[in-house]
Amino acid sequence: MKFRAKVVDVACLNHFTRIVNTISKLTKSCILRLTSDKLFFILSDKVASGGVAMWCQLFQPSLSSHTRIVTHDIPVTIIPRKLWNDFEEPSVPDFDVSIYLPVLKTMKSVVERMKNLSNHIVIEANQNGEMNLKIDTELVSVTTHFKELGNPPWVEDGTQSDSFQRRDPTNMAKARVDIKRLLQFLAGQQVNPSKAICNIVNKKVIHFVLLHEDVSLQYFIPALV
C-alpha cells in the first residue's frame, strides 16, 4: 500500500522536511499517525527493555497554505485498529530533576569529544540550574559543567509529586547512558527548539523534550546499569 501526501507552500515543505530529517537521524522507520489537526511520528521501543522511544507531534495547520502543491508516494504498512493502543503518547515519567538544556550545538560539541574516550556518559543535574556531563574510565576522568541553565516551573504548575517538590535543589540526579544514542539525538536536531528540556529519573531514564511553536518532540534514553 502507498501513502500519498500533499504539502502546500515551499516554506511549509521546508519546515516539514527539517522535522523528517531530524526523525530520520533517530530511526530508520517509525509509526505515522494522522488526525484531523495533527501528525504524529512514533517510535515505541520499550525503554524498560533497553530501547529508546520517541513521540513527535506536529500541528497540521502549520502545513496549510494556498499556493504550490508537492506530492510524494511512500510505501506504508497499515497498523490494525486493535493495535492502536500500543502507540499512545508515553506518560511523562515522575522525574527527580527537570532542567533546561544548554545550547544544543555546544552540548553536541562536548559529547562528540567525549565519544572518543568512552562508550558511556553520565548526565547529572539538579534543581539549581546545574548540569554536568561526565566520562569516568580507568584511564581518564572528564567533566564538563554547565551553570545557570534554569529549571522549568513544574513546581508552580503543581504537576509533580510531593517528593519532587521537597527535594533539595542542590541534590544531583543522574543517569549513565549510551553516548552514541545521546549523540545521535543531538546531531540530528533541525527543529531549532525555542525550549529544550531534560528530565532525569535517577539511574533509570533520560527524557528529552524539544518545543518549538507547532512542534514538540519527546525522546527517551534508558539508563545503563
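This is a predicted model: local features need pLDDT of at least 70, side-chain atom pairs count only at pLDDT 80 or more; totals for chains, interfaces and linings use all residues.
Residues are numbered from 1 along each chain as its sequence is written. Local features need pLDDT of at least 70, side-chain atom pairs count only at pLDDT 80 or more, totals for chains, interfaces and linings use all residues, and side-chain values use heavy atoms, with hydrogens and water left out.

Two packed helices are described by the angle between their axes and the distance between the axes. Helix H2 spans residues 104-115, and helix H5 spans residues 179-187. Helices (H or I, at least four residues) and strands (E, at least two) are DSSP runs, numbered from the N terminus. The axes of H2 and H5 come within 9 Å and cross at roughly 150°. This makes H2 roughly antiparallel to H5. Axes are lines fitted to C-alpha atoms, for helices over the stretch in contact, with angles from 0 to 180 degrees between N-to-C directions. Angles under 35 degrees count as roughly parallel, over 145 as roughly antiparallel, 65 to 115 as roughly perpendicular and the rest as oblique. The crossing of H2 with H5 is left-handed (the near helix is turned anticlockwise from the far one by less than a right angle; clockwise would be right-handed).

On the H2 side, the contact (heavy atoms within 4.5 Å) involves Leu104, Met107, Lys108, Val111, Glu112, Met114 and Lys115. Their partners in H5 are Ile179, Leu182, Leu183, Leu186 and Ala187. Nine of the contact residues are nonpolar, none is polar and three are charged. Ala, Val, Leu, Ile, Met, Phe, Trp, Tyr, Cys and Pro count as nonpolar, Asp, Glu, Lys and Arg as charged, and the others, Gly among them, as polar.

The structure holds two aromatic pairs. Rings of Phe, Tyr and Trp (its six-membered ring) pair if their centres lie within 6.5 Å; planes under 30 degrees apart count as stacked, over 60 as edge-to-face and the rest as tilted. Phe185 and Phe208 are stacked, at 4.7 Å centre to centre and 20° between the planes. Phe185 lies in helix H5 and Phe208 in strand E12 (residues 205-212), 23 residues apart. Phe185 and Tyr219 are also stacked, at 5.2 Å and 5°. Tyr219 belongs to strand E13 (residues 215-222), so this pair ties together parts 34 residues apart in sequence. Phe185, Phe208 and Tyr219 form one aromatic cluster. Phe185 and Tyr219 are both buried, and Phe208 is buried at 0% relative accessibility. Buried means under 20% relative accessible area, exposed over 50%, partly exposed in between (1.4 Å probe, protein chains only).

Asp96 lies in the loop between strand E5 (69-75) and strand E6 (97-100). Asp96 is partly exposed, at 23%. Its C-alpha atom is 5.9 Å from that of Ile200, 104 residues apart along the chain.
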